[in-house]
Amino acid sequence: MKYSAYTALIKNGNTTVGFIMLVENGRTGKFEIDMGILGKHRGKGYGSQALAQLKQIILNNSEKLDIEIETKIVNEAAIRSVMKNGFELYRQS
């Protein structure tokens, strides 16, 4: 089973404010994006910016990938960021 994972730190200058990763789910073959921003840095657009950059890297450097991003329905900021970057909401739980 092939398995790939790519992780990047999200930084503001020399300060790490979070992470973003692209992980291949070996069971489904889909790629999943996971991201986290440290509490005191939330609401400043870091996650949305990182997601936009990752999306551009994927579009420029690979064939079409089946990508999923999962977030809790109560995480309104994450949902806005995901939708702002052109991803579609297809299931809520």
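**Close-up views**

**View 1. Glu 68 counts as partly exposed, because its relative accessibility is 21%.** Partly exposed lies between buried, which is under 20% relative accessible area, and exposed, which is over 50% (1.4 Å probe, protein chains only). This is a predicted model: local features need pLDDT of at least 70, side-chain atom pairs count only at pLDDT 80 or more, and totals for chains, interfaces and linings use all residues. Residues are numbered from 1 along each chain as its sequence is written, and side-chain values use heavy atoms, with hydrogens and water left out. Glu 68 sits in strand E4. Helices (H or I, at least four residues) and strands (E, at least two) are DSSP runs, numbered from the N terminus. Leaving aside residues up to four places away in sequence, Glu 68 touches Lys 30, Phe 31, Glu 32, Ile 33 and Tyr 90. Contact means heavy atoms within 4.5 Å. Glu 88 is 20 residues from Glu 68 in sequence, and their C-alpha atoms are 9.5 Å apart in space.

**View 2. Helix H1 packs on helix H2.** H1 covers residues 46-61, and H2 covers residues 76-84. Two packed helices are described by the angle between their axes and the distance between the axes. Here the angle is about 30°, and the axes are 9 Å apart. H1 is therefore roughly parallel to H2. Axes are lines fitted to C-alpha atoms, for helices over the stretch in contact, and angles run from 0 to 180 degrees between N-to-C directions. Angles under 35 degrees count as roughly parallel, over 145 as roughly antiparallel, 65 to 115 as roughly perpendicular and the rest as oblique. Which residues meet in H1 and H2? Gly 47, Ser 48 and Leu 51 come from H1, while Ser 81, Val 82 and Lys 84 come from H2. Two of the contact residues are nonpolar, three are polar and one is charged. Ala, Val, Leu, Ile, Met, Phe, Trp, Tyr, Cys and Pro count as nonpolar, Asp, Glu, Lys and Arg as charged, and the others, Gly among them, as polar.

**View 3. H1 has a buried set of residues.** They are Tyr 46, Gly 47, Ser 48, Ala 50, Leu 51, Leu 54 and Ile 58. What do the buried residues of H1 pack against? Their partners are strand E1 (5-12), strand E2 (15-24), strand E3 (31-37), strand E4 (67-69) and H2. H1 has 16 residues and reaches 22 Å from its first C-alpha to its last, close to the 22 Å expected at 1.5 Å a residue. The expected span of a helix is 1.5 Å times one less than its number of residues.

**View 4. Ser 81 is a residue of helix H2.** Ser 81 is buried, because its relative accessible area is 9%. Not counting residues up to four places away in sequence, Ser 81 touches Gly 47, Ser 48 and Leu 51.

**View 5. Leu 22 is found in strand E2.** Is Leu 22 buried or exposed? Leu 22 is buried, with a relative accessible area of 6%. Residues up to four places away in sequence aside, Leu 22 touches Ser 4, Ala 5, Tyr 6, Phe 31, Glu 32, Ile 33, Leu 54 and Ile 58. Leu 22 and Ile 67 are 45 residues apart along the chain, with 8.8 Å between their C-alpha atoms.

**View 6. Arg 27 lies in the loop between E2 and E3.** Arg 27 counts as exposed, because its relative accessibility is 70%. Ser 4 is 23 residues from Arg 27 along the chain, and their C-alpha atoms are separated by 12 Å.
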